Amino acid sequence: MNETLKLMWDTRPPRIPKKQGGDAMVAGICEGIGVRYHIDPTLVRVAFAALSLVFGVGLFVYTLCGFLMPRFGLSTSPAQAISTPKHQLDAVEVKERDTGWGLLVLLFIFFPTISAWTWADATASALGGLALSALAWWALHQRQPEPPVGLIAPPRVRHPQPEPGAQPQ
């Protein structure tokens, strides 16, 4: 099971925005999922819309995907960019860091507002939507475990660099 989860994470889909050649409507999340798992991105969009209407958690899951999925051609997601010291990032990754902070704010905004019901209902709704999303991702991965060639960027090798202004030892 751990191997499957690691493989799912290592081969997670990238975001493919319109300016990178995707047919994205917003951020390229549905486009990336569609390309990675060989399904029509429109089906992914419908699934996110249904998740929003039925469980009230679709916007949160969409934002979470944007936070965890790297942009096409990068191996660093916005979440990884904000957890990496800024001096270890290249110029493109620094922009991902800015995106990451914005998405983190949106995650905090969308999480408490995923349901108009009581907190118990909101928690059940959130957990149900997250579980359904995770199950859908697992099912897609079981159907298509290997990504298309060239879709997933290789991990970037980081060489430890001293912080700017640090004294050499």
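The structure is a predicted model, in which local features need a pLDDT of at least 70 and side-chain atom pairs count only at pLDDT 80 or more, while totals for chains, interfaces and linings use all residues. Residues are numbered from 1 along each chain as its sequence is written, and side-chain values use heavy atoms, with hydrogens and water left out.

The pLDDT, which is the predictor's confidence in each residue on a scale from 0 to 100, averages 82 over the protein chain. A score of at least 70 is reached by 82% of the residues. Helices are DSSP runs of H or I with at least four residues, and strands are runs of E with at least two, numbered from the N terminus. In the protein chain, confidence is highest in H2, at 93, and lowest in helix H7 (residues 119-143), at a mean of 81.

The whole structure was searched for salt bridges, defined as a side-chain nitrogen of Lys or Arg within 4 Å of a carboxyl oxygen of Asp or Glu. The search finds 4 of them. One of these joins Glu96 to Arg15, with an N to O distance of 2.4 Å. This pair links distant parts of the chain, since Glu96 belongs to helix H6 and Arg15 to the loop between H1 and H2, 81 residues apart. The side chains of Arg15 and Glu96 also make a polar contact at 2.4 Å, a polar contact being a pair of N or O atoms within 3.5 Å; within protein, one atom must be able to donate a hydrogen and the other to accept it, and residues adjacent in sequence count only if both atoms are side-chain atoms.

Glu96 forms a salt bridge with Arg71 as well, the closest N and O atoms being 3.0 Å apart. Arg71 lies in the loop between H4 and helix H5 (78-83) and Glu96 in helix H6, so this pair ties together parts that are 25 residues apart in sequence. Relative accessible area was used to class residues as buried (under 20%), exposed (over 50%) or partly exposed (in between), with a 1.4 Å probe and protein chains only. Arg15 is buried, with a value of 7%. Arg71 and Glu96 are both buried too.

A further salt bridge is formed by Asp10 and Lys6, with 2.7 Å between the closest N and O atoms. These two residues are 4 residues apart in helix H1 and are therefore separated by about one helical turn. Asp10 is partly exposed at 38%, whereas Lys6 is exposed at 52%.

Helix H4 (residues 58-68) is mostly covered, with 8 of its 11 residues buried. Among the buried residues are Phe60, Val61, Tyr62, Cys65 and Phe67. For Cys65, the relative accessible area is 19%.

No pair of cysteines in the structure forms a disulfide, that is, a pair of cysteine sulfur atoms within 2.5 Å: the search finds 0. Cys30 is in no disulfide, and the nearest cysteine sulfur, that of Cys65, is 8.2 Å away. This distance is too far for a bond. Cys30 is buried, with a relative accessible area of 6%.

Trp9 is found in helix H1 and counts as partly exposed at 34% relative accessibility. The C-alpha atoms of Trp9 and Leu68 are separated by 9.5 Å, although the two residues are 59 residues apart along the chain.

Most residues other than glycine have a negative phi. His38, which is not a glycine, has a positive phi of about 55°. His38 lies in the loop between H2 and helix H3 (41-54) and is partly exposed, at 44%.

On the surface, Val105, Leu106 and Ile109 form a nonpolar patch with about 240 Å² of accessible area together. Patches are made of residues with over 30% relative accessible area and no salt bridge, like charges being joined within 9 Å and nonpolar side chains (Val, Leu, Ile, Met, Phe, Trp, Tyr) within 5 Å. Accessible areas come from the Shrake-Rupley method with a 1.4 Å probe; for residues, only the protein chains shown count as cover.
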